[in-house]
Amino acid sequence: MLIPFELLETDTLTRLIEDFVTREGTDNGDDTPLETRVERVRKALRKGEAVIVYDPDSQQCQLMLKLDVPKEWLEE
């Protein structure tokens, strides 16, 4: 299930993005400040390049590139 980022409270969205960009394996040696990485993701969401995916079974959200989302999910 896709969740429009606009429906999330600003603080909730920021925490979700921070969790994503600070996960083990996501920095790849990147020394870019946290604020910059968060803003990059925020821009990708605004441009429609990234989406928030919610899994009702695990009750977890994750961020994905729109290109990686199954097409049938985008049509729902």
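**Salt bridges in a predicted model**

Author: In this predicted model, Asp19 and Arg23 form a salt bridge, with their closest N and O atoms 2.9 Å apart. Residues are numbered from 1 along each chain as its sequence is written, and side-chain values use heavy atoms, with hydrogens and water left out.

Reader: Why is the pair Asp19 and Arg23 called a salt bridge?

Author: The term requires a side-chain nitrogen of Lys or Arg within 4 Å of a carboxyl oxygen of Asp or Glu. The closest N and O atoms of Asp19 and Arg23 are 2.9 Å apart, so the pair qualifies.

Reader: What makes Arg42 buried or exposed?

Author: Buried means under 20% relative accessible area, exposed over 50%, and partly exposed in between (1.4 Å probe, protein chains only). Arg42 has 15% relative accessibility and therefore counts as buried. Glu39, at 30%, counts as partly exposed, as does Arg46 at 47%.

Reader: What joins Glu39, Arg42 and Arg46 into one network?

Author: Salt bridges that share partners join them. Glu39 forms a salt bridge with Arg42, the closest N and O atoms being 3.9 Å apart, and another with Arg46, at 2.8 Å.

Reader: How many salt bridges does a search of the whole structure find?

Author: The search finds 3.

Definitions and conventions:
This is a predicted model: local features need pLDDT of at least 70, side-chain atom pairs count only at pLDDT 80 or more; totals for chains, interfaces and linings use all residues.
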